[in-house]
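Subject: Structure handover, salt bridges

Hello,

The structure is below, with the sequence. My notes on its charged side-chain pairs follow.

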Amino acid sequence: MADIKALVEELSKLTVLEAAELATALEDEWGVSAAAAVAVAGPAGGGDAAAPAEEKDEFDVILTGDGGKKIQVIKEVRGITGLGLGEAKALVEGAPKPLKEGVNKAEAEDIKSKIEAAGGTVELK
C-alpha cells in the first residue's frame, strides 16, 4: 500500500502535458484507454437514485479563454503548471484545455482567481 501512495505522489507532480504523454504511453503499451475502462465499469454508485449526492472534493481546472489578455494569461499558466513558454502558449491558444486535474477545492479556486485576475476565463469541473 505504501508503494501505491508513493506512486500517486510522484504522479501528482506531473504537468498536464506529461500526464497526457503518460496516458498515451500506457494506452499504447496495454492497448486500452481510460474511456474504455469507464465504459466497461459502468456508472459509479450502482445507480442508487436515493443515495445523497456527495460533495465533490476533486476538481479539474479548465482554461476556457484568454479574454484578450493572452500574454498575461500565458505568464499565469506558466507559474501554475511549470510549463515552458512554448507549451504554455500552445495551451492558452488551444483553449479550452485542462490546466490542472484532480485538485482540491481550495487549489482549484486559487488557480481560478489567478487566471481571472490575469484576464482569462476558467471553468471548474
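Glu93 and Lys70 form a salt bridge through their side chains, with an N to O distance of 3.0 Å. A salt bridge here is a side-chain nitrogen of Lys or Arg within 4 Å of a carboxyl oxygen of Asp or Glu. Glu93 sits in helix H5 (residues 85-93) and Lys70 in helix H4 (residues 70-81), so this pair ties together parts that are 23 residues apart in sequence. Helices are DSSP runs of H or I with at least four residues, numbered from the N terminus.

This is a predicted model: local features need pLDDT of at least 70, side-chain atom pairs count only at pLDDT 80 or more, and totals for chains, interfaces and linings use all residues. Residues are numbered from 1 along each chain as its sequence is written, and side-chain values use heavy atoms, leaving out hydrogens and water.

By the salt-bridge rule, the count comes to six. Among them is Lys114 with Asp110, at 3.5 Å, N to O. These two residues lie in helix H6 (residues 105-118), four residues apart, about one turn of the helix. Lys114 is partly exposed at 36%, and Asp110 is partly exposed at 37%.

Glu123 and Lys125 also pair through a salt bridge, at 3.4 Å, N to O. Glu123 is partly exposed at 35%, as is Lys125 at 47%. Elsewhere, salt bridges with shared partners link Lys70, Lys89 and Glu93 into one network.

Regards

How values were computed. Buried < 20%, exposed > 50% of the residue type's maximum accessible area, 1.4 Å probe, protein only.
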